[in-house]
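Keep the viewer open as you read.

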Amino acid sequence: MSLRQMEYLVTVVEEDSFTAAAELLGVSQPTLSHQVKALEAEVGGALLERLPRGVRLTAMGRAFLPHAERAVRSARQARRAARAASGSEGGELHIATLHALAVGALPEVFAHWRRAHPGVRLVVREYATGEELCERMERGVADLAVGHHPKDWPGPVVPLGREEIVVVVPDGDPMAGRESIRLEELADRDWVRCALEPVVDGRRFVDLACERAGFAPRDGVHTEHSSTAVRMASAGAGIVITPAHVAAGHGCAVVTLDPPWSREVVAFSRVALTGAAAAFVDLLGRTARLGRTEASEGEAWGQGSVETSAEDEAGSVRTMV
């Protein structure tokens, strides 16, 4: 079997269509079909079930696909790394991250990068949860990831800092002028809840923390994303607890918690960071709006006796910079 044949199979699965895959790859549909059949003959069975509309992986295909994806993406990453190391123009750096970090902590970093490295394009893939981010990185979707510390990650992990967790209230709220607030003081407020809040022992971390403070949060609005929750809170729909970088620029007031809450942010990769990837991580450490890397004396947001698990299986959003 050839790497090209595996790339054909991966593209057919991603596009859910031989026609669309052939157009994307720049080959004829008969050529694409022939190469996939040749690959199936090599492995000894059908990898795809051809449907009237689309395709479906067989049991053999489901077992084969993750390895084919890693091979194809590793080859692409090797080419990008070599071009970046040589200083070649027109290269790409693929970055996977969480949606909240993409909209909060990273835009200024991307702007700095574009000014310093105009010849290297960034391809950014956003994911809803840390679990999905790690799973995608294991499958080789990007050169590096920016997120929260992954459990038992086999590759390099570089600490970048800590994101401060704050309470968001609308301007003019009685709490808006406060420097800090204790969690129990929020017992009588309506809350905006985000589906992507950290989960510990099968329960949302906010629920556990409020329970320890002697109350249950009074839910008013439920949203899918942290950026939407901040907009809701700034409009007066309720308060929300979120990373400070997500709240920045939304015309709202933020109040720190007493004791403070924070969470570590790291960059991680499957292989040693070199070339453009190493340069980007260095830039992240210098320009991302994150606090000091040492854990504070306050609460570790989303961390308890067990590792934080992901609750939402939302898909990814792919953007180009």
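Start at Val146, which, leaving aside residues up to four places away in sequence, touches Ile95, Ala96, Thr97, Leu98, Leu101, Leu106, Leu133, Leu160, Val265, Val266, Ala267 and Leu284. Contact here means heavy atoms within 4.5 Å. Before going further, note that this is a predicted model, where local features need pLDDT of at least 70 and side-chain atom pairs count only at pLDDT 80 or more, while totals for chains, interfaces and linings use all residues. Residues are numbered from 1 along each chain as its sequence is written, and side-chain values use heavy atoms, with hydrogens and water left out.

Val146 belongs to the largest nonpolar core, a group of 36 residues in which Leu93, Val146 and Phe280 touch the most other members. A nonpolar core is a set of buried Ala, Val, Leu, Ile, Met, Phe, Trp, Tyr and Cys residues joined through side-chain atoms within 4.5 Å. Buried means under 20% relative accessible area, exposed over 50%, and partly exposed in between (1.4 Å probe, protein chains only). Which elements give two or more residues to this core? They are strands E3 (91-98), E4 (120-127), E5 (144-148) and E13 (252-268), together with helices H6 (107-116), H7 (130-138) and H11 (275-287). H11 gives the most, with 6 residues. Apart from this core lies another, of 21 residues, including Leu183, Ala209, Ile241 and Trp261.

Now zoom out to the whole protein chain. It has 11 helices and 15 strands; these are DSSP runs numbered from the N terminus, helices being H or I with at least four residues and strands E with at least two. Of the chain's 321 residues, 46% count as buried. Among contacts between residues at least 6 apart in sequence, 75% join residues at least 24 apart.

Back to H11, and how it meets H6. The two helices pack at an angle of about 130 degrees, with their axes 10 Å apart. Axes are lines fitted to C-alpha atoms, for helices over the stretch in contact, and angles run from 0 to 180 degrees between N-to-C directions. That angle makes H6 oblique to H11, given that under 35 degrees counts as roughly parallel, over 145 as roughly antiparallel, 65 to 115 as roughly perpendicular and the rest as oblique. On the H6 side, the contact is made by Val109, Phe110, His112 and Trp113, and on the H11 side by Ala276, Ala279, Phe280, Leu283, Leu284 and Thr287.

For another helix pair, look at H2 (18-25) and H3 (residues 29-43). Their axes come within 9 Å and cross at roughly 105 degrees, so H2 and H3 are roughly perpendicular to each other. Phe18, Thr19, Ala21, Ala22 and Leu25 of H2 meet Gln29, Leu32, Ser33 and Val36 of H3.

Most residues other than glycine have a negative phi, and most peptide bonds are trans. Asp16, in the loop between H1 (3-15) and H2, has a positive phi of about 55 degrees although it is not a glycine. Asp16 is partly exposed, with a relative accessible area of 39%. Asp152 also has a positive phi, near 55 degrees; find it in the loop between E5 and E6 (157-170). Asp152 counts as exposed, at 67% relative accessibility. As for the peptide bonds, a cis one joins Asp258 and Pro259, with omega about 0 degrees, and Pro259 is found in strand E13.
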